[in-house]
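Here are a few notes to read with the model open beside you. Take the points one at a time, and look for each feature as you go.

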Amino acid sequence: MTPDLSVSIGPISLGRPTMLASGILGISLEVFGRIYRNGAGAVVSKSLSKEPWEGYPNPTIIGVKNGYLNAVGLSNPGAPYFAKMMESNRDVPIIVSLVGSIEDEFEFMVKQFENCNVTAYELNLSCPHVEKVGLEVGDDPKLVTKIVSRVKSSTRAPVIGKVGLGTTNYLDTVKAAIDGGADAITAINTIRAMGIDVETQRPFLSHKIGGLSGSAIKPVAVRCVYEITSKYNIPVIGCGGVSSWEDALEFIFAGASAVQVGSAVGDRWIEVFSEINEGITNYMNKKGFSKISEMVGLAKRF
Amino acid sequence: MQNVSKTPSIRTIEQVIDETPTVRTFVISDNDLANVLPGQFAMVWIPGVNEIPMSIMVMPENGKAAFTVRKRGVSSSALYDLKVGQQIGVRGPYGNSFDIKDGKIALVGGGTGLVPLLRLAKFAKPNNEVVLLMGSKSKDEVFFEQQANQILKNHKHQIISCTEDGTYGEKGFVTDVLGKLLETSKFDAIYTCGPEIMMHKIVQMANSKGIFVQASLERMMKCGIGICGSCCMDDVMVCHDGTVFDGGFLANSKEFGHTHRAKSGILENY
């Protein structure tokens, strides 16, 4: 029997366990459709703000050993523009990522999507390179609770909090999101990092400090998923350096209900989703698993 | 196998060539970039200013690569104003390349869009007969004619300069001149790079005559490697799936010739 790749992340049901992570390729419906047809269970949009943002000047993304450094600066067309575009979406499960500083902004943005089929909202509590939003919000647990609870009361769609490693213990941010009513957690975002060109002594990124993604951060992300799911009873989506089926399973064994893929798209292109799904299917056949949920958290037996 | 770098490497500008009153070519040493395929590009970092996608100009000497830039916006002007001895960063090469067919081919370019076409000319097959149409505003802005003759010296070839004001070569747009040419000559393929409205017309003309056509496109780019999505057009990423696209795909595109994305990702009309 063919193993069942569908997953439930709290109230969110997806046909496959892999999603496109926020910030990657995410501004047009046509591209979303292509990613979905290539095996992603859902796509997460770029983080949308109340107004359009241009982001930082280049260089905004560069390769480093085993990963990428980026400080794109959350460039996005704004929630109203994106919502209008999304009204014509028919079949692609889209998780809308939102970024802002206060609960009123989030409520305004959620209202834009009233005529859209939103699979879930993912609140960006963890972007490490833009002031007053993202990680600066995540570092303020009281604010996190206020924002999550306002979004929860503004929509019936499930709400995910995406956390990262800031100056506050990220487990306190997770707790604050749970207190606000979050349905799930995505962990983790990129980790604050920088790179300097030795010849010119100049930071590579125009914003100097950015976030590190890719294989380099995977062991950190796996640890976070393991810790969150050990401490709290909330479904977690693993994110950080997933580039193969083995990586995806590692997150699932740590406790993740599903995974997101970002940087690997830059190395392996869109086929990475179907490759991961196929690898997981083969593994399940070999080991006799019939559902993804049977494998979630298996590393905790030891 | 090509070496593809995702981290900028610093290169020193060794020579600056004035092509026209508004166009300059900057020469560096870089073995990998010297040999890229026609249509591929590099991300060029002007430290402290920006990093922009640039086609790589063919140089006669081995191991030399060059960037040809027209002074226009902030970033291109900053690159244009650099002097010999100053440094830039380069990473790449990225993107796909032209599919060079056998037989008689037309290369149709405007301005710095000639850069990938001259590289295509360098990669031309022995059996190719090459007609190069070069468009510019006026005589002052005609460049690369000599280089094109040099690159194509072993091929049967013809170079037709077109100026909008008629001060040099044929008078009119390259599209008009190509239209007349297509009435009398048969081509096996047409390749184009330049302003998108020009390319859009050329693709329509070729498609209507059933001639194989490819265009090398430009979009706002940030990563250059298919991660950020800034350059998306329909369901493709111009940096990764392109920059070269076939006429068949372009004919069905909702965006080609009509819209491009601003830095925020909002679609704007051409």
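How do the axes of helix α3 and helix α5 of chain A cross, and within what distance do they come? Keep that question in mind for point 2.

1. A word on confidence before we start. This is a predicted model, and the predictor gives the complex an ipTM of 0.94 and a pTM of 0.95. For chain B, the mean pLDDT is 96, with 100% of its residues at 70 or more.

2. Now back to the two helices. Helix α3 of chain A covers residues 103-112 and helix α5 of chain A covers residues 141-154; their axes come within 9 Å and cross at roughly 25°. Because angles under 35 degrees count as roughly parallel, α3(A) is described as roughly parallel to α5(A). The crossing in which α3(A) passes α5(A) is right-handed.

3. Which residues make this contact? From α3(A) come A:Glu103, A:Phe106, A:Glu107, A:Val110 and A:Lys111. From α5(A) come A:Lys146, A:Ile147, A:Arg150, A:Val151 and A:Ser154. Sorted by class, the contact of α3(A) with α5(A) holds five charged, four nonpolar and one polar residue.

4. β11(A) pairs with strand β14 of chain A, residues 210-213, in the antiparallel sense over three bridges. Within β14(A), the residue standing opposite A:Arg192 is A:Gly211.

5. Finally, look at where the two chains meet. How many residues of each chain are in contact with the other? The answer is 26 residues of chain B and 34 residues of chain A. On the side of chain B that touches chain A, at least two residues each are supplied by β1 (5-12), β5 (50-55) and β8 (87-94) of chain B. The most come from β1(B), which gives four residues. By class, that side of chain B has 11 nonpolar residues, nine polar residues and six charged residues.

Notes. Residues numbered from 1 in each chain as written. Chains lettered and ligands numbered in written order. Predicted model: local features only at pLDDT ≥ 70, side-chain atom pairs only at ≥ 80, totals over all residues. Contact = placed C-beta atoms within 7 Å. Nonpolar A, V, L, I, M, F, W, Y, C, P; charged D, E, K, R; others polar. pLDDT = per-residue confidence, 0-100. Axes fitted to C-alpha atoms, helices over the stretch in contact; angles between N-to-C directions. Parallel < 35°, antiparallel > 145°, perpendicular 65-115°, else oblique. Left-handed = near helix turned anticlockwise from the far one by under 90°. Pairing = 2+ DSSP bridges.
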